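Please read these notes with the model open beside you.

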Amino acid sequence: MKKVFGWYFKSNLAYRILGALVIGSIIGMMVPKGVILFGNTTLLNVIAPFGDLFIRLLKMIIVPIIVASLIMGTSSIEPSKLGRVGGKAVFFYFVTTLFAIIIGLACAFVFHPGSGLDLSDASVAVSKTATAPSISEIFLSIVPTNPISSMANTDVLAIICFCIFFGVGLAFCKESSDERIKNSANTVFNFFDGVSEIMFKMVHWIMQYAPIGVFALMFAVFNKSGAGAFSSLANVTIALYVGLALQVILVYCGVCLLMKLNPIDFIKKVKDPMLTAFVTRSSNATLPISMDTAEHKMGVPKGVYSFVLPVGATVNMNGTTVYLGICSLFIANACGIDLTMGHYITIVITSILAAIGTAGIPGAGAIMLLLILESIGLKVEGNVAIAYGMILGIDAVLDMGRTSMNVVGDVVASIWVTKTEGELDESKWEHI
């Protein structure tokens with residue numbers, strides 16, 4: 001028994017989740033629908049709660065991980081650096097993230113991921129048409145009247161807004177000339193640093209249960225829908241990678257052309273951090289490679305890349321926002337839920353704000369997808385939970401692509417800031 005569990009915990013988590021998806025799907029299709037074990041209890045009734053437990057575990061950590069990650073991310077930026085260079089970097093990240101979510105939604109409209117999958121009878125927990133908030137309500141709801149109440153109700157936009165304000169205020173207090181204020185701020189910073197580390201540890205524990213939860217969720221969906229669900233998963237994967245390719249070609253290469261730099265040269269130079277991020281699925285783990293590439297291959301001075309790249313690993317998640325747009329519509333289409341223009345605007349706003357708090361660790365985008373669903377009123381339960389579980393089952397494949405694009409976006413930002421500052425070493429671009 002010890003050897004069996006030892007193998008389980010030592011084996012690659014992504015492979016375990018993918019294996020659970022495949023096995024759960026196959027068994028779900030092979031077992032006749034409505035098989036009764038005893039009394040009125042079916043096999044589905046026994047297996048489904050294991051999937052529900054996994055979703056509940058994920059929902060349990062949503063608010064704490066938003067609060068800890070956002071406050072740490074924003075308060076880690078030194079106020080003295082929030083000047084010209086910082087302003088340019090943040091502006092660049094905002095614009096490219098906006099393009100990314102638009103591209104993601106556009107790809108979702110073209111490919112219609114999830115439209116061939118009918119989960120509408122899986123649960124009555126979600127209505128066929130989500131209630132549409134007005135545009136003014138969307139913008140007003142960003143600012144909370146009671147942050148504690150917003151956290152209790154998982155009001156994502158309000159939580160993000162409060163945590164950004166709190167984080168920036170903490171950053172300024174850490175730099176205060178008043179020793180008392182400075183010491184107090186550092187204590188608060190260390191507290192949230194500890195909370196952040198604890199939450200990541202909890203995420204690790206929950207993800208160890210993920211294969212069991214994914215197996216149960218996949219069994220449920222394929223026991224109900226049959227083999228037709230496979231084409232929907234392939235469709236969402238293709239849609240994502242097309243969106244990521246468009247982000248590189250239209251946005252990143254477009255920025256290179258604006259800077260009068262050869263886009264082909266840029267692709268060749270950025271391949272090392274791009275491939276490293278693809279394999280490790282971590283923006284933070286790729287930072288040393290990104291910094292080396294920026295300095296030695298692209299002519300970016302240390303004074304710029306040492307600030308822009310670490311900040312980008314926290315707040316620049318272009319690949320993740322493409323993923324959020326596509327996967328949100330996949331889940332809505334799969335569940336037969338009609339979204340309105342108000343919901344699309346909410347997806348755009350929440351994706352941009354959530355990108356600030358998306359930690360540069362493997363699989364963090366899957367946590368952010370929960371936030372997007374909550375923000376547009378799709379409670380992750382019943383059919384929505386099943387569709388989310390399908391995405392989670394292939395999340396490793398999706399995560400590789402989106403993390404790779406996140407890192408490429410960070411490098412482009414460092415080049416753009418350097419170029420606008422007139423500090424780019426042009427000799428690095430004369431030869432490959």
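Does H112 count as buried, partly exposed or exposed, and at what relative accessibility? H112 counts as partly exposed, at 44% relative accessibility. Buried here means under 20% relative accessible area, exposed means over 50%, and partly exposed lies in between, with a 1.4 Å probe and protein chains only.

1. Basis of the model. This is a predicted model: local features need pLDDT of at least 70, side-chain atom pairs count only at pLDDT 80 or more, and totals for chains, interfaces and linings use all residues. Residues are numbered from 1 along each chain as its sequence is written, and side-chain values use heavy atoms, with hydrogens and water left out.

2. The chain overall. The protein chain has 18 helices and two strands. Helices (H or I, at least four residues) and strands (E, at least two) are DSSP runs, numbered from the N terminus. Of the 432 residues, 54% count as buried. The chain exposes about 18,600 Å², and carbon and sulfur atoms supply 67% of that area. Accessible areas come from the Shrake-Rupley method with a 1.4 Å probe; for residues, only the protein chains shown count as cover.

3. Contacts along the sequence. Take the contacts between residues at least 6 apart in sequence: 84% of them join residues at least 24 apart. Contact means heavy atoms within 4.5 Å.

4. Positive phi. H112 sits in the loop between α5 and α6 (135–141). Its phi is near 50 degrees, a positive value in a residue other than glycine. K260 also has a positive phi, near 60 degrees, and is not a glycine. K260 lies in the loop between α10 (228–258) and α11. At 78% relative accessibility, K260 counts as exposed. Most residues other than glycine have a negative phi. Please look at both loops.

5. Salt bridge K88–E421. A search of the whole structure finds three salt bridges. The term means a side-chain nitrogen of Lys or Arg within 4 Å of a carboxyl oxygen of Asp or Glu. K88 pairs with E421, with the closest N and O atoms 2.6 Å apart. The pair links distant parts of the chain: K88 is in helix α5 (residues 84–111), E421 is in the segment after α18 (395–420), and 333 residues separate them. E421 is buried, at 17% relative accessible area.

6. R84 lies in helix α5 and counts as exposed, at 59% relative accessibility. R84 and E421 are 337 residues apart in sequence, yet 9.2 Å apart in space, C-alpha to C-alpha. G86 is also found in α5. G86 is buried, with a relative accessible area of 2%. Its C-alpha atom is separated by 9.1 Å from that of V311, 225 residues away along the chain.

7. The other two salt bridges. K297 forms a salt bridge with D272, the closest N and O atoms being 2.9 Å apart. K297 is in the loop between α12 (283–296) and α13 (302–315), while D272 is in helix α11 (residues 263–280), 25 residues away. Both ends are partly exposed: K297 at 27%, D272 at 31%. E426 forms a salt bridge with K419, with 2.6 Å between the closest N and O atoms. E426 is partly exposed at 37%, and K419 is partly exposed at 28%.

8. Cavities. The whole structure holds two cavities of 30 Å³ or more. On a 1 Å grid over the protein atoms alone, a cavity is a set of points where a 1.4 Å probe fits but cannot get out; lining residues have an atom within 4 Å of a point. Grid points are joined across faces, edges and corners, and a volume is the space filled by probe spheres set on the points.

9. The second largest cavity. About 30 Å³ of space lies in it. V31, P32, G34, V35, T42, L43, L44, F219 and N223 form the lining. Helices α3 (43–60) and α9 (179–225) each supply at least two lining residues. The lining divides into six nonpolar residues, three polar and no charged. Ala, Val, Leu, Ile, Met, Phe, Trp, Tyr, Cys and Pro count as nonpolar, Asp, Glu, Lys and Arg as charged, and the others, Gly among them, as polar.

Methods:
On a 1 Å grid over the protein atoms alone, a cavity is a set of points where a 1.4 Å probe fits but cannot get out, and a pocket is an open set with protein on both sides within 12 Å along at least five of seven lines; lining residues have an atom within 4 Å of a point.
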